[in-house]
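User: I'm new to reading protein models and I'd like a close look at one part of this one. Could you walk me through it in plain words?

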Amino acid sequence: MFSADAKAMVGKFGLKMGRANLDEFAATLEELAKANPNIVAVTSDSRGSGKLAPFGKTLPKQLIEVGIAEQNLVGITAGLAACGKKSFGVSPACFLTARALEQIKNDVCYSDVPAVLIGISAGVSYGALGTTHHSLHDLAVLRAINNITIIVPADNFETRQAILYAAKATKPVFVRFGKAPMYELHKPETRFETGKTITTRDGDDVAFIAAGETVVHALLAAGKLAESGLSCRVLSMHTIKPFDTGAILKAGRECRAIVTVEEHSVSGGLGEACASVLLQAGTCKPFQIVGIPDEETVTGAQADIFRHYGISMEGLSETATNLLKSL
Amino acid sequence: MDEATMTDRELQLKAVRLRKKTLEAIFEAGAGHTGGGLSCLDILNVLYNRVLNVSPQTFISPMRDRYVQSKGHSVEVLYAVLADRGFFPEAELKTICHYKSHFVGHPTRHIPGIEMNTGALGHGLPICIGMALAGKMDNAPYRVFTLLGDGELAEGSNWEAALAAAHYKLDNLTAIIDHNTLQITGHTREVMSNEPLDEKWRAFGWAVKTVDGHDYPQLTDALSKPAEQGKPTCVIANTIKGRGVSFMENVAKWHHGVPSEAELKQALAELDAAVAKLTGASK
């Protein structure tokens, strides 16, 4: 995932390697479910890939298996929520948000039940398994559906906070993350609030507005650019909806250029959400969306795909440098 | 009138009145699903007046029975039945499909008495499995019912759910199939054949009962209790699309046909004649 130079920058920042957000999710959910028997996990033959096998062993009555049937998974998750259960439907993001999109739209969002949907192995986490297993559309489609909070945590801290929030939420929530181990980006005392960006690093030359597993690469790029005397802001945009327009507009006002970064199609995701906010406010700064372009996605592991599309310390610092040159 | 003690004839009289209300509401709205509404009206009449442990007063109780109308398009009859049961004033039926009215063309939870927002087909059964599972987890006494159209059974999600309901032995769940054999394009057997329905549901592990969907004793018997311990119940209700109005019966175009003023007048006259026949027979 990281070049030797990027690893050196990791060392410079003193970032510690945590576990996969998937593992953090599973541990947090099990902890919450032990204390609250009303919490129910629903899986579509996905307890293994969702790291919920221990949950199933410890709390067998709180795990419902529906088999390989994502539409049924979402409908059942909604029905449980409608009858007072705090239900978490857990399934690979690619299947959950494409095959069962109509159930998400109608049974969860439109019916307004407090169900939680967990999209595991999101983005290109499944890497070389190919396009069938990638979810590069989920943020776009769910942004267009009314009444759902969308959270894309960047590290273990944000993942835990997202699950704590979701467990208490009275409205639909979607959380998506990957399965690679993540560096810890935030100090434990960091304040997490749904809908509010975390400023991971401040600066005013370039603002990197990133989400999920791309945030660390933006942070490393900011470190690299600092060596050239550039000060870069790094925003972890963990909540895609509701969107922290204030932080975007502030970055638009205060920074010379903006680079958005996401593990998602460049269509309809974080980048276009930022562009929309800025343009409608009349803020026009050099602006670049980095994500997966509208083409047949290059094959390879998640790290290969990231590197190929410039989601790396080197790629992002180059994008930022070129953007500043356009000024 | 105390619903618990209503006779079959009293319920049949109520059904005629509800058919009239439904047709008037569809005429007023200028839109609606007439044929499938009239086919399932007797089922709803029995459910809400004899079977479901739910009323405007108990609708907030976690122990209430749940009814989710998977064939959401037949919403006008549901509105008419709920109004009759006192969930909201009957005058509100006049706002169906009006600007800013919550009485849209498919059920929504904005309307008192409605559990879930439906309308896209193949959604009700999975939702009801979640509800029935929640009931089992809580050892709650409530039962869960859904109404499916027979054309709706072409949606694959129903069969995902059919597997799960039997797998989890959800004997607190009843799926009713409004088996009117017609859908928007024509005969279900020609659009996408799904017979034999009873054998299919049995093969999926359900207890199956086939009834005349306009026969009050048969409906009451099939719906009043689960058919078999440890199995979900499927009630195949053989119905007539457009039931009660001669020129609408078994005619596919009345799936969402809206009567003209003359057609409404004729339909209401036929229904009034049905009342006379019922009351005459009671003398």
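In the open sheet of chain A, what is the order of the strands?

Analyst: Happy to. Keep in mind that this is a predicted model. The open sheet in chain A has seven strands, and if you go across it from one side to the other, the order reads 3-2-4-5-7-6-12. The pairing is mixed. At the edges you'll find strand 3 (63-65) and strand 12 (239-241) of chain A, each of which pairs on one side only. From one strand to the next, the twist averages 20°.

Now zoom in on one pair. Strand 6 (residues 149-151) and strand 7 (residues 173-176) of chain A run parallel, and three bridges join them. To find one of the contacts yourself, look for T149(A): its bridge partner in strand 7 of chain A is V173(A).

Helix 11 itself spans residues 270-280 of chain A, and its buried residues are L270(A), G271(A), E272(A), A273(A), C274(A) and L278(A). After helix 11 of chain A comes G282(A), with a positive phi near 75°.

Let's step over to the neighbour, chain B. It has nine helices and seven strands. For its 283 residues, a compact globule would have a radius of gyration near 19 Å, and chain B comes out at 18 Å, so the two agree. Its C-alpha atoms fill a box of roughly 50 × 45 × 45 Å along the principal axes, and 50% of the residues of chain B count as buried. Among contacts in chain B between residues at least 6 apart in sequence, 76% join residues at least 24 apart.

Finally, here's where the two chains touch. The contact takes 24 residues from chain A and 22 residues from chain B. On the chain B side, helix 4 (124-137) and helix 5 (157-167) each supply at least two residues, with the largest share, ten residues, coming from helix 4 of chain B. Sorted by class, that side of chain B has 14 nonpolar, five polar and three charged residues.

Notes. Residues numbered from 1 in each chain as written. Chains lettered and ligands numbered in written order. Predicted model: local features only at pLDDT ≥ 70, side-chain atom pairs only at ≥ 80, totals over all residues. Pairing = 2+ DSSP bridges. Helix = DSSP H or I, 4+ residues; strand = E, 2+ residues; numbered from the N terminus. Axes fitted to C-alpha atoms, helices over the stretch in contact; angles between N-to-C directions. Buried ≥ 20, exposed ≤ 12 C-beta atoms within 10 Å, placed from the backbone. Rg over C-alpha atoms; globule rule 2.2 N^0.38 Å. Contact = placed C-beta atoms within 7 Å. Nonpolar A, V, L, I, M, F, W, Y, C, P; charged D, E, K, R; others polar.
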